[in-house]
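I put down what I looked up, in the order in which I looked.

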Amino acid sequence: MAPAFVSALGPPTLRTHLVKLIFIGLAPLIIFSAILIVLFARQEQVTLTLGLQETTRALSAAVEKEFQANITVLEALASLEALDAGTVQEFSRSAWRVLNGQPNWAGVALFDTTGRPLLANTKPGVSLAALDRGTLDQVVQHKRPSVGGFSGGLDGRVQISVPVVRENKVIHVLTAALGRDVFAAILMRQKLPADWIGTIIDDRRVVVARTLAPEVSVGQPAGPLLQQVPGGEKIFTGKTREGIFSYAAVSTLPYFGWSVALIVPATQVSGLLWRSLASIIGAAVLCCLAGFWLASRFARGLADPIRKLSESAKALGEGRLNETPPALAIVELNDVSHNLQRAAELLREQSRLRDRIEAELRDRDEFLERQAQLLRNNEEVLRRQAGELEQQLLASGRLVAVGELTASMAHEFNNPLGIILGFAQGLLAEMDPADANFHHVQIIAEEARRCEKLVQELLEFGRPRKAEFTELDVKPIVEKTLDLISNRAAKSRVGTSVSVADDLPRVRADMQQIQQMLLNLSLNAIDAMPQGGQLTLGAAKNGSSGIMLIVADTGAGIGSEMLPRIFQPFYTANKRRGLGLGLPICNRIAKAHGGSISVESQPNRGTTFRIHLPINADGDVSATAEQPE
Amino acid sequence: MKSLAADPSRQTSEVPGKAVLVVDDEQNFLSLLHWFLSNRGYAVETAASAEQALELLEARTFELALIDIRMGPMDGLTLLAELKRRMPMMRVVVMTAYPTGGAIRQSHEKGASAFLTKPVDLQELMKTIQSLV
């Protein structure tokens with residue numbers, strides 16, 4: 001699985017999105033909880049510090065009360081009459097009584113106003129210190145009680161002094177020494193929590209009592225935290241003697257200068273806050289992990305159908321249109337799947353449509369290509385026809401004249417010629433060949449025949465017979481042609497041969513005209529071989545829709561400069577042989593059949609004429625091709 | 001020409017031959033056929049017009065008639081019809097220099113036995129006649 005948060009590698013995965021979603025959902029909750037906790041903790045802190053202050057104040061009140069109680073006892077002692085007379089012994093007895101009645105007192109001493117001791121009653125092992133200058137001033141000058149500084153260690157004491165006033169005049173100073181246990185007891189009475197530190201320090205900031213480790217701290221100057229004690233009531237922070245960062249609530253006795261301090265380790269004040277924050281953070285981390293896990297599971301559940309869908313879409317994209325998109329467990333994805341299916345159907349339909357259009361276009365292309373080919377062919381035909389027309393135009397002057405001439409006169413020649421020929425033939429039949437005139441009559445017959453042929457040519461050319469198309473087999477026509485020319489061929493020592501293909505189809509054609517073409521070409525061929533040669537008549541298939549008639553000789557050939565002109569009327573190589581209409585007639589007949597004539601010639605090697613004829617000549621194409629079944 | 005010379009019918013000149021009527025407005029053609037056919041043993045009569053031919057027919061019968069189509073005032077096809085009407089058994093050969101499809105068809109419809117194109121090839125004429133009578 002890909003890392004969820006590596007967005008640099010591409011768009012984030014579904015799991016990333018889900019994780020983000022969960023975080024976005026959780027974040028306000030976490031932040032709100034944190035804020036609540038901070039607020040709550042602050043409140044707790046305030047409550048705690050207030051309690052701290054309260055307790056401190058109570059403690060300092062207790063200390064002051066202790067002082068007052070002792071001062072009251074001392075003042076009562078100072079008012080004894082025994083001191084009026086100045087009888088120290090009597091007062092000493094009273095003093096002993098009071099001393100024994102006060103368990104906290106270690107001793108009682110009486111000084112004169114200069115500080116000289118007059119009496120010192122002490123419990124065993126106790127020695128009283130002399131009055132210091134400050135105490136003396138306080139008591140003698142201002143006539144007010146004074147609490148001296150703490151002296152000594154665990155067995156140290158505090159001396160409380162009051163003035164002995166008679167007639168508004170200070171005559172003595174009475175002092176009592178208090179053990180430090182009094183103050184330790186005050187702290188003990190308060191029943192502080194175990195980790196709180198209660199401390200009492202005197203006006204010189206010497207520790208008098210301390211709940212924590214009194215054996216090392218009592219009698220010593222206060223720790224760094226309490227060194228900065230100001231007057232009045234205050235809360236501040238700093239490090240204790242033990243180096244613990246703590247809160248301190250201090251209350252200073254206004255008159256005596258002593259202070260009471262309660263020290264709470266900072267951990268206890270802010271501990272709740274940190275614990276709560278830690279819980280919140282822990283919970284948040286747990287939530288995140290759970291969210292991550294859930295997101296992964298959900299993402300897998302979501303990604304599976306999406307991946308299937310993606311595969312379907314991919315298949316669609318790659319043109320595999322027949323794959324059915326899966327049915328999915330998520331409504332929206334299912335909709336997408338359905339839509340994909342519809343898109344696939346649409347694409348399939350379009351694909352089919354495209355195939356059809358392509359096929360049609362291909363067909364159309366082919367059709368157009370064929371049309372273009374036809375047009376090209378037509379163009380070629382037209383060009384050829386134009387050339388032929390041009391040639392025919394050149395000859396048209398003569399043609400018109402000949403046409404008229406033949407129309408009016410050919411027949412008139414025919415009969416006389418027939419008669420001349422008839423008599424000549426008749427005479428020849430009667431005459432003895434040895435007769436001197438036999439040869440002359442032969443010449444008459446021959447020339448008459450030649451005239452007849454010329455007239456025939458003119459008639460054919462000037463007034464062509466209307467073609468009569470029938471379906472026919474060309475083989476008999478070829479063979480008949482050979483029969484007709486065999487005499488002439490033999491006379492010119494020309495050998496003949498026939499080659500007709502067996503599978504020759506029948507063609508629609510005019511039999512007489514086909515016969516005439518073959519005859520004309522064959523006679524021309526014989527004329528081209530005065531020294532003898534070989535004449536070949538043939539017929540073969542020409543593609544699937546036509547046949548080809550062939551007349552080939554081995555004669556003199558036609559010069560290449562003459563070849564283009566041989567189909568023009570009146571173009572003749574030998575004036576004696578004819579008018580030059582034989583080949584034009586052949587050409588015209590071939591065209592009337594929808595065919596053509598081509599010629600191929602090599603000088604001294606021979607000439608080959610090929611007549612191309614379609615199977616269905618123009619005249620009757622429609623009748624044969626479009627007959628209903 | 002060789003075949004003409006070898007024609008066996010030439011030897012039967014003493015025996016009265018089959019009667020042949022030739023109708024054509026061309027005198028020389030009539031002379032040619034008369035000479036040619038007589039030499040081959042036929043009893044030849046000639047007429048220069050259809051009317052003349054019908055006159056001849058009044059007097060005698062013919063086994064065969066050779067008639068031209070283009071004649072005036074009566075043309076050959078009318079004559080053909082008349083001949084066949086009067087003598088249905090007579091064989092008629094139509095000759096013309098204009099062998100149109102219509103002329104050929106009409107000739108056969110009216111009862112002509114054969115149709116020859118002018119100028120007539122004597123050899124072909126001989127064959128036709130021999131096949132008919």
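**Entry 1: chain B.** I began with chain B, whose secondary structure comes to 6 helices and 5 strands, where helices (H or I, at least four residues) and strands (E, at least two) are DSSP runs numbered from the N terminus. Along the sequence I read the pattern α-β-α-β-α-β-α-β-α-β-α for chain B. I noted that this is a predicted model, in which local features need pLDDT of at least 70 and side-chain atom pairs count only at pLDDT 80 or more, while totals for chains, interfaces and linings use all residues. Residues are numbered from 1 along each chain as its sequence is written, and chains are lettered from A and ligands numbered from 1 in the order in which they are written.

I then looked up burial and found that buried residues make up 36% of the 133 residues in chain B; a residue is buried if 20 or more other C-beta atoms lie within 10 Å of its own, exposed if 12 or fewer, and partly exposed in between, with C-beta atoms placed from the backbone. Among contacts in chain B between residues at least 6 apart in sequence, I found that 59% join residues at least 24 apart, a contact being two residues whose C-beta atoms, placed from the backbone, lie within 7 Å.

**Entry 2: where the chains meet.** How many residues of chain A are in contact with chain B? I found 14 residues of chain A in contact with 14 residues of chain B. On the side of chain A, the largest share, 13 residues, comes from helix 8 (residues 331-430) of chain A. That side divides into 6 nonpolar, 7 polar and 1 charged, where Ala, Val, Leu, Ile, Met, Phe, Trp, Tyr, Cys and Pro count as nonpolar, Asp, Glu, Lys and Arg as charged, and the others, Gly among them, as polar.

**Entry 3: the sheet in chain A.** I next traced an open sheet of 5 strands in chain A, with the order 7-6-10-9-8 and antiparallel pairing; two strands pair if DSSP finds at least two bridges between them. Its edge strands are strand 7 (207-210) and strand 8 (233-239) of chain A, each pairing on one side only, and the twist averages 25° from one strand to the next. Strand 8 of chain A is joined by 7 bridges to strand 9 (residues 245-252) of chain A, and the two run antiparallel. Within this pair, I found that Lys239(A) has Phe245(A) of strand 9 as its bridge partner.

Two helices pack on this sheet. Helix 1 of chain A touches strand 6 (197-201), strand 8, strand 9 and strand 10 (259-265) of chain A, and its direction makes about 40° with that of strand 9. Helix 4 of chain A touches strand 6 and strand 7 of chain A, and its direction makes about 40° with that of strand 7.

**Entry 4: helix 1 against helix 4.** The axes of helix 1 (residues 14-78) and helix 4 (residues 181-189) of chain A come within 10 Å and cross at roughly 145°, the axes being lines fitted to C-alpha atoms, for helices over the stretch in contact, and the angles running from 0 to 180 degrees between N-to-C directions. The contact is made by Leu59(A), Ala62(A), Val63(A) and Glu66(A) of helix 1 of chain A and by Val182(A), Phe183(A) and Ile186(A) of helix 4 of chain A. I sorted these residues into 6 nonpolar, no polar and 1 charged.

**Entry 5: Leu52(A).** Not counting residues up to four places away in sequence, Leu52(A) touches Ile235(A), Tyr247(A), Ala249(A), Leu262(A) and Val264(A). I also looked up Trp196(A), 144 residues from Leu52(A) along the chain, and found their C-alpha atoms separated by 9.7 Å.

**Entry 6: the cores.** The largest nonpolar core has 55 residues, and those with the most contacts inside it include Val63(A), Phe183(A) and Ile200(A); such a core is a set of buried Ala, Val, Leu, Ile, Met, Phe, Trp, Tyr and Cys residues joined through C-beta atoms within 7 Å. Its largest share, 7 residues, comes from helix 1 of chain A. Leaving aside neighbours within four places in sequence, Phe183(A) is in contact with Val63(A), Ile200(A), Val208(A) and Ala209(A). I noted a second, separate core of 49 residues, which includes Leu421(A), Ala445(A), Val455(A) and Leu37(B).
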